[in-house]
Amino acid sequence: AIQILSKRGYANRSEEDEMQMYFRIFDGGNKGYIDLKDLKRVQKEVKEAEKEMDVNGSGMDVGAVGDATLEAMIEQFDHDRDG
């Protein structure tokens, strides 16, 4: 999704506009926050796109980031713990 948006000229936007655009990609359901379910969905989409494009050149599954790591990512950026 990010590559498609970039090719359409979205990368020429201001940093604020670009951050909001990427946030909306991750924020499934337009809830106003990103949760574990959102990160897992995006991770799955990226893995599927990598397989289709054979990004790593070997056709091998490179694995997934575990729930604990994804939850740590959320904790690192959600300073006020409001989701």
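This is a predicted model: local features need pLDDT of at least 70, side-chain atom pairs count only at pLDDT 80 or more; totals for chains, interfaces and linings use all residues.

Author: Residues are numbered from 1 along each chain as its sequence is written, and side-chain values use heavy atoms, with hydrogens and water left out.

Reader: What makes up the secondary structure of the chain?

Author: The chain has four helices and zero strands, in the order α-α-α-α from the N terminus. Helices (H or I, at least four residues) and strands (E, at least two) are DSSP runs, numbered from the N terminus.

Reader: Why is the contact of Asp38 and Lys31 called a salt bridge?

Author: The term requires a side-chain nitrogen of Lys or Arg within 4 Å of a carboxyl oxygen of Asp or Glu. For Asp38 and Lys31 the N to O distance is 2.7 Å, so the pair meets the criterion. Asp27, Lys31 and Asp38 are linked in a network of such bridges, and a search of the whole structure finds four salt bridges.

Reader: What makes the salt bridge of Asp67 with Lys40 a link between parts of the chain?

Author: The closest N and O atoms of Asp67 and Lys40 are 3.3 Å apart. Asp67 lies in helix α4 and Lys40 in helix α3 (residues 36-53), so the pair ties together parts that are 27 residues apart in sequence. Asp67 is partly exposed at 36%, and Lys40 is partly exposed at 37%.

Reader: How are Arg41 and Glu45 placed in helix α3?

Author: Arg41 and Glu45 are four residues apart in helix α3, which means a separation of about one helical turn. Their salt bridge has its closest N and O atoms 3.4 Å apart. Arg41 is partly exposed at 28%, as is Glu45 at 39%.

Reader: Why is Lys31 said to lie over the face of Tyr33?

Author: A charge sits over a ring if NZ of Lys or CZ of Arg is within 6 Å of the ring centre and within 35 degrees of the ring normal. Lys31 lies over the face of Tyr33 at 5.1 Å from the ring centre.

Reader: How much space lies in the largest pocket, and which element gives the most to its lining?

Author: About 470 Å³ of space lies in the largest pocket. Of the 15 lining residues, the closest to the pocket centre are Phe23, Ile34, Met73, Phe77 and Asp78. The elements giving two or more residues are α2 (15-26) and α4 (67-77); α2 gives the most, with six residues. On a 1 Å grid over the protein atoms alone, a pocket is an open set of points where a 1.4 Å probe fits, with protein on both sides within 12 Å along at least five of seven lines; lining residues have an atom within 4 Å of a point.

Key:
Grid points are joined across faces, edges and corners, and a volume is the space filled by probe spheres set on the points. Buried means under 20% relative accessible area, exposed over 50%, partly exposed in between (1.4 Å probe, protein chains only).
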